[in-house]
Amino acid sequence: MVGLVVVSHSAKAAEGIVEVAAEMGGDTAIEAAGGDGDGSIGTDADRISDALAAADDGDGVVVLVDLGSAVMNAEVAIELHDGEAVIADGPVLEGAVNAAVAATDPKATLESVVEQAEAAADIEKT
Amino acid sequence: MSGDAAAIVAAVEAVAERIQAERDHLTDLDSAIGDADHGGNMARGWAEAADAVADLDDPDAQTAVKTAGKTVLSEVGGAAGPLYGGSLVFASQELEGGITPETAVAFAETYLEKVQDRGDATVGDQTMVDALTPAVHTFKKSIETDDLSPLEALAKAVAAAEAGVQFTVPIRASKGRASYLGWRSVGHQDPGATSTLYIMEELLDTAADQLDSEVPDVDASSPTIPDAEAAEN
């Protein structure tokens with residue numbers, strides 16, 4: 001099953017987004033990798049690496065990110081990861097919810113889950 | 001330990017000391033345009049990296065560089081961790097055969113490409129790319145075309161990086177946190193370009209030490225006159 005990792009500068013934000021996505025995500029493995037590892041705002045490649053390993057059962061991982069160094073640290077963690085992982089180019093919360101639902105489809109693939117996560121960019125709110 | 005690896009261990013130690021000495025200056029530069037964490041973050045990360053490479057048991061050059069990069073990646077927060085540390089880890093693969101003029105050029109080029117890709121930055125964005133690009137280009141040309149000694153090539157690269165750091169002052173930031181300032185970023189020297197220069201200066205000093213030579217007093221200009229006809233073809 002495709003897994004998810006949510007990367008945010010805030011540990012609380014990452015955990016909160018995981019909480020929202022898990023509500024819709026059934027058995028999908030969703031890991032939070034927020035904060036800089038020292039309890040401050042930031043992102044940390046080691047934390048993201050650990051989250052990738054925890055979320056990956058062999059079918060790959062879709063990574064949702066917020067801003068700036070979250071993208072860079074996620075890229076580095078993916079380079080160092082022993083398996084397939086892709087950053088979804090979409091909003092971090094809506095993308096995580098979409099991806100969590102998409103991953104529960106028995107025919108889901110890494111590509112189909114990324115596609116759904118990225119489709120969240122088109123969600124209109126007004 | 002091989003001579004190459006010993007040189008890397010000495011270089012990482014020298015970089016750690018230099019960044020520690022420049023810590024407040026880097027933080028001052030960063031507080032003008034960023035979040036004032038560059039000096040502290042880098043000083044902590046490079047100090048840890050110096051300890052990590054010193055603890056290695058008989059490493060080769062590639063392992064020493066990779067270990068320094070992994071430690072910087074883990075210890076330095078913000079974008080500097082992946083930019084400095086992640087790029088060192090990636091470029092270390094070019095040093096598999098040890099350090100020669102050829103592998104040094106390949107390492108420099110791979111490192112530059114990684115930093116550009118990762119930061120999505122190009123020359124003129126007021127980032128470390130402004131120091132790194134002229135340095136790597138000058139190093140490559142000095143080795144491959146001008147046939148200079150590696151030490152002289154590195155000295156020219158440092159002179160080029162220095163010019164690049166000065167170039168960041170009068171331009172507007174288009175990447176990183178400083179870009180949020182828009183025109184207010186003009187007139188400020190980029191902290192990442194500055195720390196890149198410090199690292200290169202320490203590489204040069206260490207290389208001169210290892211070779212028992214003086215640091216060559218050079219500027220970034222090439223000793224050769226381009227052949228216009230050859231260039232056209």
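This section describes the two chains of the model, their contact and selected local features. The structure is a predicted model.

Chain A contains five helices and four strands. Read from the N terminus, its elements follow the order β-α-β-α-β-α-β-α-α. The radius of gyration of chain A is 13 Å, close to the 14 Å that the globule rule gives for 126 residues, so chain A is as compact as a globular protein of that length. Taken along the principal axes, its C-alpha atoms fill a box of roughly 40 × 35 × 20 Å. Of the 126 residues, 55% count as buried. Among contacts in chain A with a separation of 6 or more, 71% join residues 24 or more positions apart.

Chain B is built from ten helices and zero strands. Its elements accordingly read α-α-α-α-α-α-α-α-α-α from the N terminus on. For chain B the radius of gyration is 17 Å, close to the 17 Å that the globule rule gives for 233 residues, so this chain is as compact as a globular protein of that length. The C-alpha trace spans about 55 × 45 × 30 Å along its principal axes. Buried residues make up 54% of the 233 residues of chain B. Residues 24 or more positions apart provide 65% of the contacts in chain B with a separation of 6 or more.

The largest nonpolar core has 114 residues. The members that touch the most other members are A:Leu4, A:Val5, A:Val6, A:Val7, A:Val63, A:Leu64 and A:Ala99. Helix H1 (residues 3-21) of chain B gives the most to this core, with ten residues. The surroundings of A:Leu4 can be listed in detail. Leaving aside neighbours within four places in sequence, A:Leu4 is in contact with residues including A:Ala21, A:Thr28, A:Ala29 and A:Ile30. Its partners also include A:Ala55, A:Val61, A:Val62 and A:Leu64. A:Ala96, A:Ala99, A:Ala100 and A:Ala103 are in contact with A:Leu4 as well.

The contact between the chains takes eleven residues from chain A and eleven residues from chain B. On the side of chain A that touches chain B, helix H2 (45-55) and helix H3 (69-80) of chain A each supply at least two residues. H3(A) gives the most to this side, with six residues. By type, the residues on this side of chain A are three nonpolar, four polar and four charged.

Within chain B, one helix pair was examined. The axes of helix H7 (residues 129-144) and helix H9 (residues 191-210) of chain B come within 7 Å and cross at roughly 40°. H7(B) and H9(B) are therefore oblique to each other. H7(B) makes the contact through B:Asp130, B:Ala131, B:Leu132 and B:Ala135. H9(B) contributes B:Ala193, B:Thr196, B:Leu197 and B:Met200. The residues of this contact divide into six nonpolar, one polar and one charged.

Two aspartates in loops of chain B complete the description. B:Asp58 has a positive phi of about 50° although this residue is not a glycine. B:Asp58 is found in the loop between helix H3 (38-54) and helix H4 (61-75) of chain B. With 8 C-beta neighbours inside 10 Å, B:Asp58 counts as exposed. B:Asp120, also not a glycine, has a positive phi of about 50°. The loop between helix H6 (101-119) and H7 of chain B holds B:Asp120. B:Asp120 has 12 C-beta neighbours inside 10 Å and counts as exposed.

Key
Residues are numbered from 1 along each chain as its sequence is written. Chains are lettered from A and ligands numbered from 1 in the order in which they are written. This is a predicted model: local features need pLDDT of at least 70, side-chain atom pairs count only at pLDDT 80 or more; totals for chains, interfaces and linings use all residues. Two residues are in contact if their C-beta atoms, placed from the backbone, lie within 7 Å. Ala, Val, Leu, Ile, Met, Phe, Trp, Tyr, Cys and Pro count as nonpolar, Asp, Glu, Lys and Arg as charged, and the others, Gly among them, as polar. Axes are lines fitted to C-alpha atoms, for helices over the stretch in contact, and angles run from 0 to 180 degrees between N-to-C directions. Angles under 35 degrees count as roughly parallel, over 145 as roughly antiparallel, 65 to 115 as roughly perpendicular and the rest as oblique. The radius of gyration is taken over C-alpha atoms; the globule rule is 2.2 Å times the number of residues to the power 0.38. A residue is buried if 20 or more other C-beta atoms lie within 10 Å of its own, exposed if 12 or fewer, and partly exposed in between; C-beta atoms are placed from the backbone. A nonpolar core is a set of buried Ala, Val, Leu, Ile, Met, Phe, Trp, Tyr and Cys residues joined through C-beta atoms within 7 Å.
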